[in-house]
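Hi,

Here is the structure I promised to pass on. Have a look at it first, and my notes follow below.

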Amino acid sequence: MKKNILSIRDLKVAYGGIQAVKGIALEVNDGELVTLIGANGAGKTTTLKAITGTLPECRVEGRIDYLGQTLQGRKAFQLVQDKLAMVPEGRGVFTRMSIHENLLMGAYTGKDKAQIDADIERWYGVFPRLKERSAQMAGTLSGGEQQMLAMARALMCHPTLLLLDEPSMGLSPLMVEKIFEVIRSVSAQGITILLVEQNAKLALQAADRAYVMESGEITMDGVASRMLDNPKIKEAYLGEG
C-alpha cells in the first residue's frame, strides 16, 4: 500500500457569506500525479491555497494532513522546509532577479553549495532555454519561460509534494505541450504532484487519478484514463459528445 502524502477531509472555505469550498475530501499518495479539474471559479485554487496557508482573510474548517501531520498553523516558509512546494497561478517569479538568482532562491533551505550547483545544472538540463538565458532578468522572459522558471525554482527544494496551479494558463499551444512534457517527466522521477488545471484533456492524459470540482464540491473522482472516456467529462470539459 502506498504511503499517504496529502489527505484532505471535510475542507470548507468561506469568504464572508460565500462558501467557496463545501466540505471536500481528497488524497494524494506517494509517487502519484493527481489532478483536480473543473471550470473557472470551481474552488480549485482556493483548495491549493488552503493547503499552503496562503488564503486571504476567510474561514477555513476541516483537516489537511501532510505526511501524517496537520498543516494547521504552519507558515508557508515552513512548508518549503518540509519539502512541500507550490508553483502558483501566474507563476510568481522574482522579476528583478536573474534566472540563476531565482533558482538559488528556490534552494534557500539548502546548505550544500555543491548539491545546489548540481541541482541547478540538473534543471537547466530539463529546461535548456533557461540555461541559455541564465543571467537574464526573469521579468523579461516570455510567459512560457517564466512558467519553466517557476517550476524549476520549486523543484530546487527537492519537494516530496509539488503543487501546480494552472501551469498552462495563458501559454501558446506549443508551450503548453512542453510544460506537460516536463510535468510527465518530473512525475516519472517519482515526485508526487497535485495538479490543478483547466486543460482537462492534457491533465487527464498525464494523471494517475483525478477529481472533478464543481461549485466548491467534488462531484467525481477516479482513474484519470477512464475519465477521458466518461460521457459527462467529454461533454463538460473535453468539448466532445
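Let me start with a turn: the hairpin of β1 and β2 has 2 residues between its strands, and glycine 16 there takes a positive phi near 60°. Before I go on, some ground rules. This is a predicted model, in which local features need pLDDT of at least 70 and side-chain atom pairs count only at pLDDT 80 or more, while totals for chains, interfaces and linings use all residues. Numbering starts from 1 along each chain as its sequence is written, and side-chain values use heavy atoms, with hydrogens and water left out. Helices (H or I, at least four residues) and strands (E, at least two) are DSSP runs, numbered from the N terminus.

**The sheet**

β1 and β2 run antiparallel and are joined by 9 bridges; two strands count as paired if DSSP finds at least two bridges between them. Tyrosine 15 stands opposite isoleucine 18 in β2. Both strands belong to an open sheet of 4 strands, in the order β2-β1-β4-β5, with antiparallel pairing. Its edge strands, each pairing on one side only, are β2 (18-29) and β5 (69-70). Strand β1 (residues 4-15) also pairs with β4 (residues 59-66), again antiparallel, over 7 bridges, and there serine 7 stands opposite aspartate 65.

Helix α1 (residues 44-52) packs on this sheet and touches β1, β2 and β4 (contact means heavy atoms within 4.5 Å). The direction of α1 makes about 115° with that of β1; the axes are lines fitted to C-alpha atoms, for helices over the stretch in contact, and angles run from 0 to 180 degrees between N-to-C directions. α1 is mostly covered, with 8 of its 9 residues buried (under 20% relative accessible area; exposed is over 50%, partly exposed in between, with a 1.4 Å probe and protein chains only). Among the buried ones are Lys44, Leu48 and Ile51.

**Cores**

A nonpolar core here is a set of buried Ala, Val, Leu, Ile, Met, Phe, Trp, Tyr and Cys residues joined through side-chain atoms within 4.5 Å. The largest has 50 residues, of which Leu162, Ile183 and Ile193 touch the most other members. Leaving aside residues up to four places away in sequence, isoleucine 193 has contacts that include Val28, Leu33, Leu162 and Ile183. A second, separate core of 27 residues includes Val13, Ile64, Leu79 and Leu163.

Most residues other than glycine have a negative phi. Histidine 158 is not a glycine, yet has a positive phi of about 55°. Histidine 158 sits in the loop between α6 (143-155) and β7 (161-165) and is partly exposed, at a relative accessible area of 36%. Serine 215, also not a glycine, has a positive phi of about 50°; its place is the loop between β9 (209-214) and β10 (217-223).

Which residues does glutamine 147 touch, not counting those up to four places away in sequence? They are Val87, Arg91, Pro167, Leu171 and Ile179. Glutamine 147 lies in helix α6 and counts as buried because its relative accessibility is 1%.

Cheers
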